[in-house]
Amino acid sequence: MTQLPVLNLSSEATGTTRDGRRASLPPRHLADLDLAGRRAAVAELGEQAFRAGQVSAHYFGRLIRDPAEMTDLPARSRAAITDALLPKLLHPVRELATDSGTTRKTLWRLHDGSLVESVLMGYPDRVTVCVSSQAGCGMACPFCATGQAGLTRNLSTAEIVDQVVWFAGQAAQGALPGCPDRLSRVVFMGMGEPLANYNRVIAAVRRLTEPAPEGLGLSQRHITVSTVGLVPGIRRLTEEGLSVTLALSLHAPDDDLRDTLVPVNQRWKVAEVLDAAFEYAARTGRRVSIEYAMIRDVNDHPWRADLLGRLLSGRLAHVNLIPLNPTPGSKWDASPKPVEREFVRRLRAAGVATTVRDTRGREIDGACGQLAASDGGKVGERQDGLLARRANEETQ
Ligand code: SAH
């Protein structure tokens with residue numbers, strides 16, 4: 001393969017769009033601020049600062065966002081306080097449900113018209129949400145629908161947090177039959193590259209894990225951050241002192257192929273990215289999840305399984321094989337099952353724990369970002385269940 005996909009890393013760092021315009025962030029929301037910041041914001045309105053704690057307790061603790069239900073706030077200032085701290089960030093455009101209502105996907109429109117997706121997945125013992133960290137993505141992986149569309153902008157901290165809080169509210173209202181009513185896990189496997197929106201993603205992780213009223217009170221260990229392999233971001237994450245799970249989208253064990261499947265590999269090679277991931281695992285004691293989309297005749301050869309096995313053997317890592325979910329018009333397809341089984345067999349023979357994603361969400365199936373790639377009003381026949389599917393293994 002001679003022509004490599006082009007990657008523009010500089011736009012990732014600045015948060016500007018590909019045509020150079022400054023991306024437009026949404027209005028400030030309480031989830032963008034720590035409690036001190038929220039108190040200051042309330043004081044600026046001429047209200048008593050402790051009101052910030054009350055609103056925060058409604059939002060994070062009781063999962064309430066309707067001002068009418070916040071009866072402990074004085075009626076005369078309720079609207080001013082909630083307007084300042086709880087602007088509506090996510091406007092549902094389309095909601096899809098499958099698996100007897102235990103998989104729910106929402107396409108959101110943001111204040112500037114950008115579209116993002118999130119998915120709620122209920123199991124008998126846990127409830128997981130798969131969130132987006134950017135509108136679009138600048139990483140240009142050729143098999144990913146989001147990658148084809150390019151980056152629109154980074155999401156704000158509150159736009160990320162609110163996807164989770166919204167679904168936590170749905171779960172609490174019993175939206176998932178036969179599942180717990182408490183949302184417990186978050187995977188950053190929706191649209192976008194979380195480590196390209198580093199500060200806001202880390203702030204979102206902190207907000208999601210701080211106890212109410214500061215945050216949502218989830219366990220750090222129940223949060224998975226999935227990255228294309230931005231080595232400086234992984235190294236920075238290693239220094240954060242967080243115990244979130246790291247997932248690395250490897251998809252090929254050799255640089256020749258990975259340069260094409262995951263263009264950021266042109267900058268940070270397989271050996272370097274694995275090194276950073278192993279260092280993260282060593283420092284946190286958390287097993288790294290190696291993501292590997294199985295693409296027929298592209299990356300599913302027995303020798304690649306053996307090479308991957310050698311790279312991972314004896315490491316604090318396991319492999320998640322994801323049957324490719326072809327994007328519309330894609331020349332690629334998922335690997336045949338016998339080929340997949342042989343790949344698994346070889347990895348396990350090398351002593352590497354390996355799982356294959358199930359096909360949950362098949363009825364609303366499609367490829368990453370497909371809902372958002374359509375204009376939301378004219379959604380294609382095949383819907384996106386991949387987010388649910390690929391997040392599934394993370395939550396075991
Ligand atoms: N940017 C991050 C997170 C978002 S994508 C990352 O790359 O990890 C989450 C996972 O889904 C990644 O492993 C990604 O490579 C994979 N993925 C994207 N499109 C896919 C497709 N069409 N089929 C299978 N896996 C896909």
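**Entry 1: Gly192**

I began with Gly192, which has a relative accessibility of 17% and therefore counts as buried, the limit for that label being under 20%. I note at once that the model I am reading is a predicted one. I placed Gly192 in the loop that runs between strand 7 (185-188) and helix 7 (198-209). I then looked up what Gly192 touches, setting aside residues up to four places away in sequence, and found Ser133, Gln134, Gly136, Cys137 and Thr146.

I consulted the UniProt record for this position. An unreviewed entry there lists Gly192 under "binding site", together with Glu193, Ser226, Ser249, Leu250, His251 and Asn325.

**Entry 2: His251**

From that record I took His251 as my next residue. Is His251 buried or exposed? I found a relative accessibility of 6%, so His251 counts as buried. I located His251 in the loop between strand 9 (245-249) and helix 9 (255-261). Apart from residues up to four places away in sequence, His251 touches Phe143, Leu261, Val262, Glu291, Tyr292, Ala293 and Asn299.

**Entry 3: the annotated cysteines**

I returned to the UniProt record for a further annotation. In an unreviewed entry, "binding site" also covers Cys137, Cys141 and Cys144. I recall that Cys137 is one of the residues touched by Gly192.

I found Cys141 in the loop between strand 5 (134-136) and helix 5 (145-149). I placed Cys144 in the loop between strand 5 and helix 5 as well. Cys141 has a relative accessibility of 10% and so counts as buried. Cys144 is buried because its relative accessible area is 16%, where the label requires under 20%.

**Entry 4: Ser289**

I looked up Ser289 and found it in strand 10. Its relative accessible area is 0%, so Ser289 is buried. I compared its position with that of Leu250, a residue named in the UniProt "binding site" list. Ser289 and Leu250 stand 39 residues apart in sequence, and their C-alpha atoms are 9.7 Å apart in space.

**Entry 5: aromatic pairs**

I next turned to the aromatic rings. How many aromatic pairs does the count come to? I recorded 4 aromatic pairs. In one of them, the rings of Trp108 and Phe167 have centres 6.2 Å apart and planes at 65°, so this pair is edge-to-face. The pair joins distant parts of the chain, since Trp108 belongs to strand 2 (residues 103-109) and Phe167 to helix 6 (residues 157-172), 59 residues apart. I found both Trp108 and Phe167 buried.

I examined Tyr292 and Phe343 as well: their ring centres are 5.1 Å apart and their planes lie at 40°, so the pair is tilted. This pair, too, links distant parts of the chain, with Tyr292 in strand 10 (residues 288-294) and Phe343 in helix 12 (residues 337-349), 51 residues apart. Tyr292 and Phe343 are both buried.

I recorded one aromatic cluster formed by Trp108, Trp166 and Phe167. I also found Arg126 over the face of Tyr123, at 3.9 Å from the ring centre.

**Entry 6: helix 4**

I then went through helix 4 (residues 75-85) and noted its buried residues as Ser77, Arg78, Ile81, Thr82, Ala84 and Leu85. They lie on the same side of helix 4, because they cover an arc of only 155° around the axis. On the other side of helix 4 I found Arg76 and Asp83 exposed. I looked up what covers the buried residues of helix 4, and the cover includes helix 2 (35-44) and helix 3 (51-61).

**Entry 7: the whole chain**

I counted 14 helices and 12 strands in the chain. The chain has 396 residues, and 59% of them count as buried. Among the contacts with a separation of 6 or more, 68% are between residues 24 or more positions apart. The accessible surface comes to about 15600 Å², and carbon and sulfur atoms hold 49% of it.

Terms used
Residues numbered from 1 in each chain as written. Predicted model: local features only at pLDDT ≥ 70, side-chain atom pairs only at ≥ 80, totals over all residues. Heavy atoms only, no water. UniProt positions renumbered as here; feature names shortened; annotations may be inferred. Helix = DSSP H or I, 4+ residues; strand = E, 2+ residues; numbered from the N terminus. Buried < 20%, exposed > 50% of the residue type's maximum accessible area, 1.4 Å probe, protein only. Contact = heavy atoms within 4.5 Å. Arc of directions from axis to C-beta. Areas by Shrake-Rupley, 256 points an atom, 1.4 Å probe, with all protein chains shown as cover. Phe/Tyr/Trp six-rings, centres within 6.5 Å; stacked < 30°, edge-to-face > 60°. Lys NZ or Arg CZ within 6 Å of the ring centre and 35° of its normal.
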